[in-house]
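Here's a walk through one protein chain, taken a piece at a time. Keep the picture open while you read.

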Amino acid sequence: MKWKKTCRAAGLIAVMTFSLVGCNTEASYSPQEIIDQALQESKEPLTYYGEYTLDMGELGGKAQVKEWVKDGNRRMEMTGDNGEHVISVMTDSQVISYDVAENTAYKMAFPQGGLDGLQSPRDQVQLIFNLIKDTHEIKIAGEEKVAGRDTYKIVAKTKKSESLFGDIEVWIDKKTWLTLKTKTDNAGNQMITEFTKMEEGKKIDDQQFTLDLPKDVTIEEISGEDTSESVSLAVAKEKLGAFLVVPQENDLTLDKISMAKGLEDRPEYSFDYGLDGQPAFFVTIFKADPSLAEIEPILNEKEMVIRGQKGTVMDDENFRSISWQENGYQYNIVGENPELTLEDLLSFVQQMTLVQ
């Protein structure tokens, strides 16, 4: 399984492969009413054990997933088609992800109840439907069984050939409003998540949400708090050495530079630019991972030569980005002003000059 490429898509995949809980009724619904019902928060968190398949196509291969959910706690065990095995446990104060094959783990601790502030499944789904409401036609496509349970099938067809989100299909459980199956098609790459077993109300031992790691495991602690800090251009120069910046010309201003620790001791620097007093775009820079010699497109990204290097671009009215590697650094530029076109961002990239 191409896990490194999968990680690049993880943010969007997480949005698309959501779990939902809501009220129960057998009334007749319009697509929007079903979505609204599915997005409702339940006063009593759903308890269930489930098994599903995750087929990410060329992006990441296939995996089998087992999931235990109780009282807001979640345990997931993912086994990939090439022998990968990852166990993740999330409670209200901690997230641990353990790679069994590599014997490594990431641990992220939060203050008690700190995870309440993270984006909930409802928020994630609301985000995606807000993003596609003007770009997709949404309709009910019938009622089908998934994992032996009755579901509503909802289809969202994109109105244009290029969109951040392509065609989307979801199957929502009539009783629990849990999404039992999703199918997405982005730039010809189809991804499918489908439950094969869902046992609602299953008795689950609390011990499932305690992960005992081997004594010889390598653990990386990740802070659950925002650890980024503002830094000066002089500090960025000292730490990065020679790197590229966009010149401050024609009312373009460098408003802020921040540094975050990042993974594997590779600090990430973010340069926030403004234009005419409004946020324009930001550029992130960090040392490139030597194991990822080339950037390959994901989802609706397209390959493009950037400053003579192989890179990728994404051009959607809701999201525009450019990524490439140059002289040992990974560069990403992301638009913040929707009025700035991809051509505008490319122009800024071509103007970048070396600072040392």
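## Rings that meet

Let's start with a term: rings of Phe, Tyr and Trp (its six-membered ring) pair if their centres lie within 6.5 Å, and planes under 30 degrees apart count as stacked, over 60 as edge-to-face and the rest as tilted. Tyr48, Tyr52 and Phe195 form one aromatic cluster here, and the structure holds seven aromatic pairs. Before going on, note that this is a predicted model, where local features need pLDDT of at least 70, side-chain atom pairs count only at pLDDT 80 or more, and totals for chains, interfaces and linings use all residues. Residues are numbered from 1 along each chain as its sequence is written, and side-chain values use heavy atoms, with hydrogens and water left out.

Take tyrosine 49 and tryptophan 68: their pair is tilted, with 5.1 Å centre to centre and 50° between the planes. Tyrosine 49 lies in strand S1 and tryptophan 68 in strand S2 (residues 62-70), so the pair ties together parts that are 19 residues apart in sequence. Helices (H or I, at least four residues) and strands (E, at least two) are DSSP runs, numbered from the N terminus. Both tyrosine 49 and tryptophan 68 are buried, where buried means under 20% relative accessible area, exposed over 50% and partly exposed in between (1.4 Å probe, protein chains only).

Phenylalanine 281 and phenylalanine 348 have ring centres 4.9 Å apart and planes at 35°, so this pair is tilted. Phenylalanine 281 lies in strand S17 and phenylalanine 348 in helix H5, so the pair ties together parts that are 67 residues apart in sequence. Phenylalanine 281 is buried, and phenylalanine 348 is buried too.

## Charges over rings

A charge sits over a ring if NZ of Lys or CZ of Arg is within 6 Å of the ring centre and within 35 degrees of the ring normal. Lysine 174 does this with tyrosine 152, its charged end being 5.1 Å from the ring's centre. Lysine 181 does it with tryptophan 171, at 4.4 Å from the centre.

Two strands pair if DSSP finds at least two bridges between them. Strand S1 (residues 48-55) is joined to strand S11 (residues 189-200) by eight bridges, and the two run antiparallel; tyrosine 48 stands opposite glutamate 200 in S11. S11 also pairs with strand S10 (residues 179-186), in the antiparallel sense over six bridges, and there lysine 183 stands opposite isoleucine 192.

S1 pairs with S2 as well, antiparallel over eight bridges, and glutamate 51 has lysine 66 in S2 as its bridge partner. Eight bridges then join S2 to strand S3 (residues 73-80), again antiparallel, with methionine 78 in S3 as the partner of valine 65. The hairpin of S2 and S3 has two residues between the strands, and aspartate 71 takes a positive phi near 50° there.

## A closer look at glutamate 77

Is glutamate 77 buried or exposed? At 18% relative accessibility, glutamate 77 counts as buried. Glutamate 77 lies in strand S3, and its C-alpha is 5.2 Å from that of lysine 66, eleven residues away in sequence. Contact means heavy atoms within 4.5 Å, and glutamate 77 touches residues including Gln64, Trp68 and His85.

## The eight-strand sheet

Eight strands form an open sheet in the order S13-S15-S16-S17-S21-S20-S19-S18, with antiparallel pairing. The edges are strand S13 (229-230) and strand S18 (302-306), each pairing on one side only. Further in, S17 and S21 pair over seven bridges, and lysine 287 has tyrosine 329 in S21 as its bridge partner. Helix H4 packs on the sheet, touching S15, S16, S17 and S21, and its direction makes about 140° with that of S16. Helix H5 packs on the sheet too, at about 25° to the direction of S20. (Axes are lines fitted to C-alpha atoms, for helices over the stretch in contact, and angles run from 0 to 180 degrees between N-to-C directions.)

## The nonpolar cores

A nonpolar core is a set of buried Ala, Val, Leu, Ile, Met, Phe, Trp, Tyr and Cys residues joined through side-chain atoms within 4.5 Å. The largest one has 32 residues, and Phe243, Phe271, Phe281, Val283, Ile322 and Tyr331 touch the most other members. Elements supplying at least two residues each include H4, S16, S17 and S21, while H5 gives the most, with five. Apart from this core lies another, of 16 residues, among them Leu46, Met56, Val69 and Phe195.

How values were computed: Lists of a residue's contacts leave out its neighbours within four places in sequence.
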